[in-house]
Amino acid sequence: MKKLLLISLGALMMASCAKDKKDFDATGTFEATEVTVSAESTGQLENFNVTEGQVLNGGLTVGQIDARQLTLKREQLTSSNEQLAATHGQLAANKRQLAANQQATSSKQLDLKKQVAAIRQQIANQQRERQRFAELLQDGAVARKQVDDIDYQIQVLLKQLAATEEQISSQNTSLAEQNKGITAQMEGIDAQQAGINAQQAGVRTQQAQLDDQIAHTFVRSPFTGMVLEKYVEAGEYVPVGKPLFKIADTKRMFIRAYVTSEQLKRVKIGQKVKVMADYGKGQKKTYDGVVTWISSRSEFTPKTIVTDDERADLVYAIKIQFTNDGYVKIGMYGEVKF
C-alpha cells in the first residue's frame, strides 16, 4: 500500500514539473514595417484605387493628383525650346553662308608677285637689251634713237608695273576688309548661338523641375505590402503632406520579444531562432527567424509579457525577423525559442 502511494505521488510530481516547464524562452507581439504614404503635391485627387486589406506591389501607381497646370507649363516650355532650336538652326545656316562668302572673297585675292612677274620679266629683258645696244652705240654700230626707244619702253613698263601693283594691292586690301566684316558677322552669330544655348539650358532645367513635380503627382506604393488604413477618397483636395494611406510589409515581419539580463548573454545579432505564432487553444505555427536587433537599454517588463524569470522586473527588447506565410497578423501574440 505504501509502495503504491509513493509511485502515485512520484507520477503526480513528474506531471506537475512537465506542466510547469515552458516550451519557449521569450514572448512578444508581431510587428511589421509600416509606412504612411502622404501627398507629395497639392491639388484634387483625381483617382485613388486603394482598398483596406488590399495587397499592393512595390512601385504600383494607385492614384494621381491633378497635374493639368504643370502639364500645360511643360508643353509651353517645349514650344519655347523648339522655337529656340529653330532660331539656332537659322543662325547656323547664316553662318555657313557667310563662311562660303568668305571663301569666295578669299579666292578673289590675287598673288601680287605672280601677277607682276611677267612685267618684271619684260623690264629685265629690256634692260639687258639696252645694255647690249649701249655697247653697240659706243662702237658706232647703232643709232642713238634705238637706245632712247629702249629707255622709253623700260619707263612704260615701270609705270605699268607700279599701276598694276597699286591696283592689286588696293583690291586685296578691299577684299581683306570684306573678310574682316564677314568674320565679325560670324563672331556675332557665335555670340547669338551661345545665348540661345544658355536659354535652352535654362528651359531644360525648368522642364526637369516640372517633370519632377509631375512625377510627384502620382501616388505609388513604396513597397509590396498590405493596406492597413485609407484616409482619403478620390475627388478630395489634398495639400502636400496629407496622409493618404498606410501600408505594411506583411511578408517580412518581426516579433518584438523581451529577455532578461540572464538570457541576454545567450542572444546575439544574426542568431537563428524559432518563432511561434500562438493562435490560442494550443494551436501554434513555427517559423525560422533571425535576431536583427537587441536593445541597449533595459525597461520594465510589459504587463502582457511572460519572461523566463517571472521575478525579473527589467528586461531587454529584441527583434527577430522572419518570413510570413500570410497567417501571422500584426499585434498577435508570439513566442521565441533560442
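View 1. In strand S11, Leu314 is the bridge partner of Phe300. This is a predicted model, in which local features need pLDDT of at least 70 and side-chain atom pairs count only at pLDDT 80 or more, while totals for chains, interfaces and linings use all residues. Residues are numbered from 1 along each chain as its sequence is written, and side-chain values use heavy atoms, with hydrogens and water left out. S10 and S11 (residues 314–323) run antiparallel and are joined by eight bridges. Strands here are DSSP runs of E with at least two residues, helices are runs of H or I with at least four, and both are numbered from the N terminus. Two strands pair if DSSP finds at least two bridges between them.

**View 2. The hairpin of S9 and S10.** Now follow S10 (residues 283–300) over to S9 (residues 272–280): eight bridges join these antiparallel strands. Met276 sits opposite Thr286 of S10. What does the turn look like between S9 and S10? Two residues separate the strands of this hairpin, and Lys281 in the turn has a positive phi of about 55°.

**View 3. An open sheet of four strands.** Here the order is S5-S4-S2-S7, with antiparallel pairing. S5 (218–220) and S7 (237–238) stand at the edges with a single partner strand each, so one side of each has no neighbour in the sheet.

**View 4. S4 beside S5.** Zooming in on one pair from that sheet, three bridges link S4 (residues 61–65) to S5, and the two run antiparallel. Gly63 has Val219 in S5 as its bridge partner.

**View 5. Stepping back to the whole protein.** Five helices and twelve strands make up the tally of the protein. Along its principal axes, the C-alpha trace spans about 185 × 50 × 30 Å. The radius of gyration is 50 Å, whereas a compact globule of 338 residues would come near 20 Å; the value is taken over C-alpha atoms, and the globule rule is 2.2 Å times the number of residues to the power 0.38. How many of the 338 residues count as buried? The share is 30%, where buried means under 20% relative accessible area, exposed over 50% and partly exposed in between, using a 1.4 Å probe and protein chains only.
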